[in-house]
Protein chains: 2
Amino acid sequence: MKLGRALIPGGDGPVARVVALAQNGEQAVDVRRVERLRLERAGVGASAAARIAEAVVPGSMAAAIETGPPFVEAAQQAALDATGDAVVAIEDGTLLAPLDPSSFRDFMAFAQHFETAYRLGGAEPPEVLYELPVSYLANHEAIIGPGAEMPWPSYSRHMDYELELGIVIGKPGTDLTPESAVDHIFGYTILNDFSARDIQLREMGGRLGPSKGKHFASAVGPWIVTADALGDRLEMIARVNGETWSHGYSDSIMWSIPELVAWASAGEPLVPGALLGTGTVGGGCGHELGRQLSPGDVVELEIEGIGVLRNTLGAPGEPAWTPAPKRRAVQEELT
Amino acid sequence: MKLGRALIPGGDGPVARVVALAQNGEQAVDVRRVERLRLERAGVGASAAARIAEAVVPGSMAAAIETGPPFVEAAQQAALDATGDAVVAIEDGTLLAPLDPSSFRDFMAFAQHFETAYRLGGAEPPEVLYELPVSYLANHEAIIGPGAEMPWPSYSRHMDYELELGIVIGKPGTDLTPESAVDHIFGYTILNDFSARDIQLREMGGRLGPSKGKHFASAVGPWIVTADALGDRLEMIARVNGETWSHGYSDSIMWSIPELVAWASAGEPLVPGALLGTGTVGGGCGHELGRQLSPGDVVELEIEGIGVLRNTLGAPGEPAWTPAPKRRAVQEELT
């Protein structure tokens with residue numbers, strides 16, 4: 001099953017609604033509307049049907065996923081219902097990011113990616129990357145969807161894309177094993193972890209983050225595909241202005257996806273609707289290829305079975321403020 | 001004004017409510033109840049008064065702060081109303097973390113702290129720490145409040161506290177300057193950025209995060225003090241089992257608080273209810289002092305004008321799963 005979110009007109013302006021892709025693969029169906037009509041047919045009064053359907057199918061995908069079985073059943077019914085009056089016309093700008101994640105953690109699980117990146121910098125990767133699935137928290141409050149313009153932050157002159165598989169958490173859990181973690185995966189999406197390389201490399205020298213190198217925005221979409229509907233070896237492609245720059249396969253990952261989920265849950269709560277990124281597939285960014293993006297570039301990420309996530313890059317403006325370097329107080333005292 | 005959150009009995013179990021500390025400094029007052037009674041006195045029907053009061057004073061402090069002026073006015077009225085029937089009895093376990101932050105970003109803005117920490121490791125701090133206010137995103141989904149037990153993660157044998165000032169964002173903004181940022185600060189709280197030093201040092205070798213070294217939980221509280229009610233030089237103290245380990249002042253910070261807020265907003269949205277940490281005050285953790293915490297230790301952080309944040313440390317259990325190291329694929333091919 002493929003699930004997304006669409007912007008639908010409402011009395012107080014457009015609102016986000018969860019949609020299921022119909023089994024014909026062409027039409028998006030409003031899940032809440034299908035659920036409301038089903039309740040009415042079962043004898044529930046009209047206003048109560050609307051109230052219950054809103055509770056079972058909220059506009060937030062993270063909240064919908066947290067709803068669990070009643071939401072999944074409603075979505076399955078919707079995917080079968082492409083002939084009714086719940087079909088949503090999908091035009092440019094209609095589809096939102098399918099997930100409004102409660103949190104967003106990004107790993108670095110493809111060895112080819114980090115080995116190439118470190119060696120381009122003249123270094124071998126640190127041993128810890130082979131010992132632990134190392135990760136950082138990225139910005140869950142700056143997620144953009146398919147078709148949205150990716151802002152180019154004013155403090156950067158070197159923008160890049162990163163081709164990643166996004167893992168969507170379905171059930172709460174703490175201290176899972178790789179075996180038990182499998183059942184906590186709701187589905188998968190495409191993740192473009194856009195990166196401002198110049199500031200990212202500077203701030204990673206401080207061994208924190210990265211922060212400004214990543215947090216301006218990340219792109220997710222166009223669909224979340226439930227875990228049952230995807231294979232283990234997915235072709236992954238990145239195109240810039242129609243030219244293929246990156247090509248790889250999901251099963252070249254060094255840390256398995258259940259290992260990533262299990263380690264994410266060690267000693268802390270996994271929350272339904274959380275987004276985990278695998279990290280960049282080998283060769284899946286311009287940095288590894290010695291290439292940079294330019295303002296206006298159209299970046300398309302395609303993952304087999306999920307679809308194509310297309311975003312156009314904006315242009316940088318003038319910084320509002322740039323930090324002025326501080327002097328080392330202790331060095332001054334010594335001299 | 002001091003604001004917090006308390007657990008109040010409800011028909012479906014305890015619920016979180018926003019409380020204001022009365023001007024006598026002794027009683028906590030239920031802000032929503034004061035607002036509901038005010039509306040009723042103004043002629044609003046009883047059920048409508050309850051509905052409006054719930055909308056103006058939600059149980060989430062982040063949502064309450066996002067409400068803006070109507071919430072602040074209701075809280076000010078509540079602080080004056082310690083004699084009415086809206087007083088909440090504060091017992092052990094009543095006060096929750098005052099903030100359920102939408103995000104949590106931690107800086108490293110006190111030079112004495114990072115200079116000591118780097119020099120203990122035999123290195124000088126990297127230049128970037130003087131060039132940029134470097135930060136990372138911490139776990140906004142694992143915040144505990146005053147009195148709560150701090151879990152000791154199973155994968156660590158070296159636990160530490162960190163004495164920090166927490167900055168609470170009041171208004172949305174992007175690309176602020178230090179001058180314009182001041183108006184976006186709602187208030188301040190005490191932040192204990194508990195740290196699992198052994199795994200933190202390992203994963204920072206991968207130049208990402210830290211993640212598992214920090215994300216198990218952070219403690220916040222007991223109150224949020226609005227920005228107008230605090231001075232510029234706040235005494236900061238950490239005690240372990242009653243013994244003073246750390247002592248410093250907030251104005252020893254290298255990057256100013258408006259600079260931290262401005263840089264947090266560069267190229268990305270600041271969200272009301274976001275939490276920013278200053279980083280540890282100089283000498284404000286056991287690592288700098290060559291001391292470690294033990295299971296059962298009682299850690300008290302005190303910041304002048306805010307109060308005392310007290311947490312007891314739990315004991316580690318057995319790990320559910322530990323990652324097995326991977327081998328370097330490329331090295332294997334070469335040998």
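**Exercise 1.** At what angle do the axes of helix α1 and helix α4 of chain A cross, and within what distance do they come?

*Solution.* This is a predicted model, in which local features need pLDDT of at least 70, side-chain atom pairs count only at pLDDT 80 or more, and totals for chains, interfaces and linings use all residues. Residues are numbered from 1 along each chain as its sequence is written, while chains are lettered from A and ligands numbered from 1 in the order in which they are written.

Step 1. Helices (H or I, at least four residues) and strands (E, at least two) are DSSP runs, numbered from the N terminus. Helix α1 of chain A covers residues 31-41 and helix α4 of chain A residues 69-79.

Step 2. Their axes come within 9 Å and cross at roughly 95 degrees; axes are lines fitted to C-alpha atoms, for helices over the stretch in contact, with angles from 0 to 180 degrees between N-to-C directions. α1(A) is therefore roughly perpendicular to α4(A), the term for 65 to 115 degrees.

Step 3. A:V31, A:V34, A:E35 and A:R38 of α1(A) meet A:A74, A:A75, A:Q77 and A:A78 of α4(A), where contact requires C-beta atoms, placed from the backbone, within 7 Å.

**Exercise 2.** State the strand order of the open sheet in chain A and its edge strands.

*Solution.* Step 1. The order of the five strands is β9-β19-β18-β15-β16, with mixed pairing; two strands pair if DSSP finds at least two bridges between them.

Step 2. β9 (149-150) and β16 (243-249) of chain A are the edge strands, each pairing on one side only.

Step 3. β15 (residues 235-240) and β18 (residues 298-303) of chain A pair in the antiparallel sense over five bridges, and A:M236 of chain A stands opposite A:I303 in β18(A).

Conventions:
Angles under 35 degrees count as roughly parallel, over 145 as roughly antiparallel, 65 to 115 as roughly perpendicular and the rest as oblique. Two residues are in contact if their C-beta atoms, placed from the backbone, lie within 7 Å.
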